[in-house]
Amino acid sequence: MTFTESRDLRTGDVPWQETDWPSRPSDFFPADPIDIAILGSGIVGAVIADRLSDGRRRIALFDRRPPGCGSTAASTAEIMWAMDVPMSHLARNMGEAEAVRRWRRVHEAVRDFAYRIDALGIEAGRIERPTLYLAGTILGEDGLAREAEMHRRHGLPSTFLRGEETQARFDIAPRAAIASQGGFEIEPVRLCHAMLDRACRKGATLTWPVDIAALHPADGGVRLETDDGRTCHARDVILATGYERAPLFLPPVFGLHSTFAIATPPGRASLWREQAMIWEASDPYLYVRTDRRGRIIAGGEDIDSSDEAGRDALLGAKAGTIAAKLETMLQSGPIAIDRRWTATFGSSPDGLPAIGPVATMPNVWMAAGYGGNGIAFASLAAQMLERELGGEPDPDRDCFSPYRFD
């Protein structure tokens, strides 16, 4: 029994070549005290480790499975600063200034992530794409126009398009939309491994498979205990366990759901212009992008359940529905499905992550990228935790606190 949930995080065939995922060999379990323990070596743990590894801190990552092979491998990896809950909707609940504060901080984190990927020269780098947010059940044409104006007013790079303008520019079915700049696509597992390699070259260690079963308060930090009785001491612990939640620390308002995705065979990605990353202002929404091999990757049809058996049973039907919706959006002929998969993902009431100190144990920190933009939120968590662990409270701590809904 461990203090985090154990889940079958994904089922099916993802478009990333699993033969391209050689994991670095496991390091020995730490014998000496460490400064920072990161639980989880998916993309969130990797981004944080890369940010915090400086050759001076003793950093150790732990995972119960091979690095990057849980939810990271199921990600469609559209990196956007626009979030699932529109800025205008957040403004209704908390005021425009507070909504803008959150959106601009995520925008900054995405820009910083792009800079760090480029500066590091990682082979699995990024490809910049415009994003296209189509009118739907959450925001119609008038709502999108107001949303785009709010973006523009606060310096975010968005433009409102009427249906005929969307069709003329992107050659898809005419729908009002917001076109934005600053998004990009990545190959999630390759980038995760590249960032882990970078962190390990700077002195971090990575131990897997190992199951951290318990955390215990200890003098000057936390004692980590594995399911087979080994222990080590860390000054601070960061929970980057993704959708395998730690119920003692993460409030239940951060929920789990299931999503579905398909990919075409390579060489099919020429059905719309600019290869924009497209998504809808609907619930559930369709989202679509291309990859560097010329696949079309599309997903959606989310359900409010994380039951693995029920989720898996729906995969065939959901894949067919996604393909049919994609044909309508692109005004194309039949969409060939080469890969299909389903996965668990997390959400929050405001579409924002849970980042910050946990309330029930000192020296333990949460980095849970719930809300639909998990990889963007990984960069945000890395920024915030770098500051917090350096002894300087982050000015936006209250915006993303795991306990803000209390």
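Is Gly163 buried or exposed? With a relative accessible area of 11%, Gly163 is buried, where buried stands for under 20% relative accessible area, exposed for over 50% and partly exposed for anything in between (1.4 Å probe, protein chains only). The model examined here is predicted, so local features need pLDDT of at least 70 and side-chain atom pairs count only at pLDDT 80 or more, while totals for chains, interfaces and linings use all residues. Residues are numbered from 1 along each chain as its sequence is written, and side-chain values use heavy atoms, with hydrogens and water left out.

Gly163 lies in helix H6; helices (H or I, at least four residues) and strands (E, at least two) are DSSP runs numbered from the N terminus. Setting aside residues up to four places away in sequence, Gly163 touches Pro174, Arg175 and Ala176, a contact being heavy atoms within 4.5 Å. Gly163 and Ala199 are 36 residues apart in sequence and 46 Å apart in space, C-alpha to C-alpha. For Ala176 and Glu244, the corresponding values are 68 residues and 38 Å.

The interior comes next. In soluble globular proteins, nonpolar side chains tend to be buried together. A nonpolar core is taken here as a set of buried Ala, Val, Leu, Ile, Met, Phe, Trp, Tyr and Cys residues joined through side-chain atoms within 4.5 Å. The largest such core holds 75 residues, and the members touching the most others are Ile38, Ile48, Phe113 and Ile238. Helix H10 (residues 374–389) supplies the largest share of this core, 10 residues. Not counting residues up to four places away in sequence, Ile48 touches Ile38, Ile238, Ala367, Ala378, Ala381, Ala382 and Leu385. A second, separate core contains 31 residues, among them Leu9, Val210, Leu250 and Ala368.

Helix H10 also packs against helix H4 (residues 96–120). Two packed helices are described by the angle between their axes and the distance between the axes. For H4 and H10 the angle is about 95 degrees and the axes are 8 Å apart; axes are lines fitted to C-alpha atoms, for helices over the stretch in contact, and angles run from 0 to 180 degrees between N-to-C directions. The two helices are therefore roughly perpendicular to each other, given that angles of 65 to 115 degrees count as roughly perpendicular, under 35 as roughly parallel, over 145 as roughly antiparallel and the rest as oblique. On the H4 side, the contact is made by Arg105, Val106, Glu108, Ala109, Val110, Asp112 and Phe113. The contact residues divide into nine nonpolar, two polar and four charged, with Ala, Val, Leu, Ile, Met, Phe, Trp, Tyr, Cys and Pro counted as nonpolar, Asp, Glu, Lys and Arg as charged, and the others, Gly among them, as polar.

Several loops have backbone details to look out for. A cis peptide bond joins Trp208 and Pro209, with omega at about -15 degrees; Pro209 is placed in the loop between strand E8 (205–207) and strand E9 (212–218). Asp283 and Pro284 are likewise joined by a cis peptide bond, with omega about -5 degrees, and Pro284 falls in the loop between strand E13 (277–280) and strand E14 (287–290). Glu274, in the loop between strand E12 (255–263) and E13, has a positive phi near 65 degrees without being a glycine. Glu274 is partly exposed, at 40% relative accessible area. Asn363, also not a glycine, has a positive phi of about 70 degrees and belongs to the loop between strand E17 (354–357) and strand E18 (364–368). At 31% relative accessibility, Asn363 counts as partly exposed.

Finally, a search of the whole structure finds zero disulfides, a disulfide being a pair of cysteine sulfur atoms within 2.5 Å. The cysteine sulfur closest to that of Cys232 belongs to Cys200, and at 15 Å it is too far for a bond. Cys232 counts as buried, at 6% relative accessibility, and Cys399 is buried with a relative accessible area of 0%.
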